[in-house]
Amino acid sequence: GKGVRVGQVIEHLSTELSEDTSCRSLPGAILLFACFIVSCLQAEEPTLNYSTRSLLNEILTEDANFAYIPGSQFQHDLGADQDVGMKVLDNANTRQDVHSWFRLGFFPLFQGSFSLDGPADMSAIITQWEYNSAIGGVRLSQELAPLGDCRDASMAKALANFDICSPAFHYLSTPLSPHLPDILAREVKEDDPVRWFFFSEDWSIIEARIDETLRPNSTWLQRRRSESVRAAVPLYNPELHTLTVVYAEFFFARSGKQWARVLAPTLKLQVYYKLFHIVVDVVCAILVLHIFYSEGNEVRVIVIESKRQRMTPFKAIFEHFTQFWNGVDCLCMIGFSFLVFYWIGHIQNAQTLSDMLAGDLFGQRTMTGSEEEKAQALRALLDHVEMSLRHQLTVAYIRSICLFLVPMRMFKAFSAQARLSILTRTFTSAATDVFHFMLIFFTLFMSWAVCGIVLFGNSVEEFADFE
């Protein structure tokens, strides 16, 4: 008889060996998936971060009142012995409101942190700060918009007495994004005006400086160029050993609208404080190293075989990793390599911040030293915190990518088992049809979205943009 060709036998044996390897890798893939999920939850601790952000957001939006009215009927009905603020953050619609909110609402929340002529009355300090101690002081920065020619110079001069205007980009009239990456992207530049308010200064000095800085006719707050005003305050939580920076920002849209937002990102100053977290990460590291070891052995075999067949090793390795499941393993190794690199940097950043707070200038709630030394120390602290927050966001992005890659390795192991491979084979068979369906769906969805913006964007805030 003709028999079976050698190539077919080799191909069959290769398939069987590949499926055997995939089956044997299934326990490790499941264990890596479980450990990595636990590691991500332990590292991020979203409940802790959200509770801190929620508390500080409620304090600054609900408790930072301004526009006080003495002897009001509302005050009389409450039986209160103090004046009542009739406006909150959402009611700050003019430059005068910005000045009033900072002077009567924002800064008084930290008044217990500023030095006083006499002993501080701890009972007068707002109880919400019991677990979050304001340290150092407040950085007030202003972002300036570039200036250029108006769209119609003669009409702008005749009707509004404007000689210069902002570029078209700065005519934005949409709300500020509530997400953290946006505010970190708007970092304080060298030429941005900055004012410092230190907790070691007397409260009466702070009040006078606030008026000098934020009053609408002040020289610091530039009417034409001012695009946003942002306050940043570092808070330390001794119970959780975390550092939180409270951002309160006003954005002055060129439509005349003012948008305000509050953010409170948190950094852990001690990344590993549970033995369980350390054990989980060590197990993850061992399993990832095993992936490197296994792929290294495969590459070694490929190089040996390529030399026998007089084939370029690089070409053989390239053909190996361009296969789908081998490509998934390659992406996993690359993703985890980046994750380990950035995670080590994240640990170093946390340790650096902890050392800065334990230094001479930040050894107590009120900073010591000259005004220039305090400004340099607080600037260095906030700059390093914001750099660490950007680094933390990068780690989160890499984690999210790895969270997609790790299950893909499980699907590779599933493909060698009859019952578990049903889903992967279904996806493979339907991939072409799903792609064409998504193309049609995306086209229609985008048309409907733009239609909603065109019809309702001028009157309904939710339809003003794609967000």
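**Contacts, salt bridges and surface patches in the predicted model**

V38 lies in helix α1, which covers residues 6–44. The model is predicted. At 28% relative accessibility, V38 falls between the cut-offs of 20% and 50%, so the residue counts as partly exposed. Leaving aside residues up to four places away in sequence, V38 touches F276 and V280. The pairing of V38 with V280 spans 242 residues of sequence. In space, the C-alpha atoms of V38 and V280 are 7.4 Å apart.

The chain as a whole holds twelve helices and nine strands. It has 467 residues, of which 39% count as buried. Contacts between residues at least 6 apart in sequence were also examined. Of these contacts, 71% join residues at least 24 apart. The accessible surface of the chain comes to about 27000 Å². Carbon and sulfur atoms account for 61% of that surface.

Charge pairing was considered next. Side chains of opposite charge can pair when their charged atoms come close. The salt bridges in the model number ten. One of them joins the side chains of R139 and E386, with an N to O distance of 2.8 Å. R139 sits in strand β4 (residues 137–144), and E386 sits in helix α11 (residues 371–414). The pair therefore ties together parts that are 247 residues apart in sequence. R139 is buried, because its relative accessibility is 3%, under the 20% cut-off. E386 is buried too, at a relative accessible area of 5%.

A salt bridge also links the side chains of D211 and R215, at 3.7 Å from N to O. D211 has 15% relative accessibility and counts as buried. R215, at 37%, counts as partly exposed. The D211–R215 pair belongs to a network of salt bridges that includes R103.

The side chains of E305 and R308 form another salt bridge, with N and O 3.3 Å apart. Both residues lie in helix α8 (residues 275–308). They are three residues apart, so about one helical turn separates them. E305 is partly exposed, with a relative accessible area of 32%. R308 is exposed, because its relative accessibility of 62% is over the 50% cut-off.

Helix α8 also contains L275. L275 is exposed, with a relative accessible area of 65%. Together with I278, V279, V282 and I286, L275 forms a nonpolar patch on the surface. The accessible area of these residues together is about 460 Å².

Backbone geometry was examined at two loop positions. Most residues other than glycine have a negative phi, and most peptide bonds are trans. N161 is not a glycine, yet its phi is positive, at about 60°. N161 is placed in the loop between α5 (153–160) and α6 (180–185). With 48% relative accessibility, N161 counts as partly exposed, because this value is under the 50% cut-off for exposed residues.

H241 likewise has a positive phi, near 55°, in a residue other than glycine. H241 is found in the loop between β6 (226–237) and β7 (242–252). Its relative accessible area is 24%, so H241 is partly exposed.

Key. Residues numbered from 1 in each chain as written. Predicted model: local features only at pLDDT ≥ 70, side-chain atom pairs only at ≥ 80, totals over all residues. Heavy atoms only, no water. Helix = DSSP H or I, 4+ residues; strand = E, 2+ residues; numbered from the N terminus. Buried < 20%, exposed > 50% of the residue type's maximum accessible area, 1.4 Å probe, protein only. Contact = heavy atoms within 4.5 Å. Salt bridge = Lys/Arg side-chain N within 4 Å of Asp/Glu carboxyl O. Areas by Shrake-Rupley, 256 points an atom, 1.4 Å probe, with all protein chains shown as cover. Patch = residues over 30% accessible without salt bridge, like charges linked within 9 Å, V, L, I, M, F, W, Y side chains within 5 Å.
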